[in-house]
Amino acid sequence: MPDAQHPPEVDRAAASRRAVAARRARAALKQDVAMRVLTPQQLLRRAFEDPASPAGTMRVTEFLTAIPAIGEGKRDRILAQLSISPVKRLGGLGARQRRALEAFLDERWPELQPRSGRSRLVVLAGPTAVGKGTVAAHIKREHPEIHLSVSATTRAPRPGETEGEHYYFVDDAEFDRLIADDELLEHATVHNRFRYGTPRRPIEKALDEGRSVLLEIDLQGARQVRAAEPSATLVFLLPPSWDELVQRLVGRGTEGAEERSRRLRTAKVELAAQHEFDFLVVNDEVGHAAEEVVALTR
Ligand code: 5GP
């Protein structure tokens, strides 16, 4: 049971933040190669220029399998042919190995060119009270080029919320109709109360126009998007520490002990879902977290 004395895995994640950030940067580079945003040759050049960079610390095995045409068998044959040990990192290759690898790539894939104008579907989820809404609002304000999806919901508008801008406010019958007509990409009942769903058409339109799309939805919704659109990028927003999340969830402790422990239990279950996600972003400072999310939409 999580409490201040027994922090769950979020604190361990914070402690190993540098390693997580480096892994994340390498994962983003590999995705860029896989999506042809970056050519393997470009990634190699970055690695050779700075062996301590994310490109430089990438293992040669990871690098090769990120290239769309190379599986594990082919990778091992290439490494044997070029006399490169599979434990090597790109930045640690000797001059002869570098030239051999570059020449090999140039010969096989001279046509691998970066693809531009690519649009991405990015899902931002995370535990309750981590600040997803604030990060999404920041992105909407600072990056109008990104399409922020507007959900349909059966809950009533709060003061200051506008129809079509914050949500499409609908009744249960209309929500049922949206589901029946397959107009929602995903939908879920959140906090056992109201229904929320992502309209499909505006997203498809934005992606067709070459714009990236951001969905700020709950965990159940994120899982449905993964199933429906395997190419979507799933981002999990983490609190800077477990203590910080406890503060945001239970504040000064005006709730009873039972409610407090219910919220903490829920938070622990939600945090455990982080392993299902492609990227972790720590919400230490809103602007900073927002820019990290924006980088993943490119
Ligand atoms: P609120 O009612 O406070 O605006 O949002 C409550 C929760 O609903 C938030 O966690 C938010 O991420 C989630 N949510 C908002 N829109 C959607 C949606 O379209 N689909 C799903 N699955 N969750 C949503």
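Which residues of helix H7 (residues 132-142) are buried? In this predicted model, in which local features need pLDDT of at least 70, side-chain atom pairs count only at pLDDT 80 or more, and totals for chains, interfaces and linings use all residues, they are Lys-132, Val-135, Ala-136, His-138 and Ile-139, where buried means under 20% relative accessible area (1.4 Å probe, protein chains only) and helices (H or I, at least four residues) and strands (E, at least two) are DSSP runs numbered from the N terminus. Seen down the axis of H7, these buried residues line one face of the helix, because they fall within an arc of 160 degrees, the arc being that of the directions from the helix axis to the C-beta atoms. They pack against strands S1 (121-125), S2 (147-148), S7 (213-216) and S8 (233-238) and against helix H13 (286-296), contact meaning heavy atoms within 4.5 Å.

Val-135 and Ile-139 are also, with Leu-121, Leu-215, Val-225, Phe-236 and Val-293, the residues that touch the most other members of the largest nonpolar core, which has 46 residues; such a core is a set of buried Ala, Val, Leu, Ile, Met, Phe, Trp, Tyr and Cys residues joined through side-chain atoms within 4.5 Å.

The ligand is surrounded by 15 residues, each with a heavy atom within 4 Å of it. An oxygen atom of the ligand lies 2.7 Å from a side-chain N or O atom of Ser-151, and for Tyr-167 the corresponding distance is 2.5 Å. Residues are numbered from 1 along each chain as its sequence is written, and side-chain values use heavy atoms, with hydrogens and water left out.

Notes: Buried means under 20% relative accessible area, exposed over 50%, partly exposed in between (1.4 Å probe, protein chains only). A polar contact is a pair of N or O atoms within 3.5 Å; within protein, one must be able to donate a hydrogen and the other to accept it, and residues adjacent in sequence count only if both atoms are side-chain atoms.
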